[in-house]
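I opened this notebook to record what I looked up in a structure new to me.

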Amino acid sequence: MKRINGKSYLIIGLILIIIGIFTLIGSVDLFKSVANLVFIFMVLISIKDLFSFILKKPNKDIKLFIKIFNVIISILALIFNEYSIAIVPIIFSAYSLLNAFINSLNFILLKINKIKGGYKLLFFGLFYLLIGVIILLGPIVHLDFVLLVLGIYSILLGFSFVFDYLEINHFRRFFKIRICLPSILEVFIPLSVLQKVNRKINNDEEIVLEEKKENINPDLEIFVHVTQNGFGTLGHMDIYFNGEFISYGNYDISSYKLYDGIGRGILFIIKDKQKYIDFCIEDNKKTLFSFGIKLNEKEKKQIEKNINKVKENLKEWYPPYVQAKNKNKKAKIKDYMDYSSRLYRTTSADFYKFKTGKFKSFSVLGNNCVSFANKIIGSVLKDKFKFYGVLTPGTYYDYLEREFMKKGSIVVSKKIYTKSSKN
């Protein structure tokens, strides 16, 4: 098995720490000077790119227009540098407002489902809203505060990368505390990995589809799904344990709201592992990344307990095709092409809805597939997996990938399921 020694983690970590230190000790004026140098560099690069394109005598007017547009934008950014620099705190403000919306939405969903508590979500929603509005009203005025936050975050993130490098190379073991990338970046990790895999396949490069540490069979598998296009680019996550695939999501088409972002939370269980994997690859054009986890007996019993507790709160639900079939035996499956009906036809999946609790409602920004899976496995893996921030499929993928590289970690296998691997 070919393995890297994590040098990229060390380099990235050191760069982030250096950037963080300079951000903290440097003044706003220093930041503006550096920003101006960046703008000048952008102008030079865009002009060079334009002339290189023209010398090739292309016939594609659209691409030429894009090159010219890049030059104009970079020149304007340099001329109106004060406004350009304001983009940094504006982005920070927008991210704060996004977090305010996410926390507030999840609090509202809790109240809709008549669940007590959740006031922590409301507090952070109001906190992020206040920060976002204040910075948005005076981006340049609050630039020093934004730089302070970004500097501290950059240093902490850098140490996270450095600690991973040291552990991969067995220097010592550190606390499993992980500072995550911003969620807005992590959601694209599965897609970027998929694109890398596809490039290798298209170029006939060698690609390792399955890796194992020695001869250890996993007790739990975590699957991260991703597609090349559509909503699936953000990823999906489910688990396979004790001969059952367990997946949570927004599978009730009649409850879709906000472009499928909100709906009734539905859980399905499939016992035929290969049928489900084949369905994901063939029907949804997905690529699946599986990470195998080795558990001790105590951990396995805890996960069984968590799953049984979830099952006690379930009530059977039927896909649209099954509902129609129960009313009219002449109903045809070809008339029902929603995801749950197709999945039922191919795998005979059992579907359930929740009687009570926050997972009665699905929210792509809160009560999603990752938060549900984390509810089952998180309590067992809390000493190995500690996350800070919003959980996404990308969050789990990134961390599982790093853990797999470490000798002695509980992540003992990795496998890629793709259409090319079946041919």
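I searched the whole structure and found one cavity of 30 Å³ or more; on a 1 Å grid over the protein atoms alone, a cavity is a set of points where a 1.4 Å probe fits but cannot get out. The model is predicted, and local features need pLDDT of at least 70, side-chain atom pairs count only at pLDDT 80 or more, and totals for chains, interfaces and linings use all residues. Residues are numbered from 1 along each chain as its sequence is written, and side-chain values use heavy atoms, without hydrogens and water.

I noted about 40 Å³ of space in the largest cavity. I listed its lining (residues with an atom within 4 Å of a point) as Ile246, Leu267, Ile269, Ile307, Val310, Lys311, Leu314, Phe372 and Ile376. Strand 7 (266-270), helix 11 (297-311) and helix 14 (369-381) each give two or more residues to this lining. Helix 11 gives the most, with three residues.

I then looked at the surface. Phe65, Ile66, Ile68, Phe69, Ile72, Ile73, Ile75, Leu76, Ile79, Phe80 and Tyr83 form a nonpolar patch there, with about 1100 Å² of accessible area together. Helix 3 (residues 61-79) contributes the most to this patch, with nine residues. I located Tyr83 in helix 4 (residues 81-85).

Last, I checked the cysteines. I found zero disulfides, a disulfide being a pair of cysteine sulfur atoms within 2.5 Å. I recorded Cys280 with a relative accessible area of 0% and Cys369 with 9% relative accessibility; both count as buried (under 20% relative accessible area).

How values were computed. Patch = residues over 30% accessible without salt bridge, like charges linked within 9 Å, V, L, I, M, F, W, Y side chains within 5 Å. Areas by Shrake-Rupley, 256 points an atom, 1.4 Å probe, with all protein chains shown as cover. Salt bridge = Lys/Arg side-chain N within 4 Å of Asp/Glu carboxyl O. Helix = DSSP H or I, 4+ residues; strand = E, 2+ residues; numbered from the N terminus. Buried < 20%, exposed > 50% of the residue type's maximum accessible area, 1.4 Å probe, protein only. 1 Å grid on protein atoms, 1.4 Å probe; cavity = no way out; pocket = protein on both sides within 12 Å on 5 of 7 lines; lining within 4 Å. Points joined across faces, edges and corners; volume = space filled by probe spheres on them.
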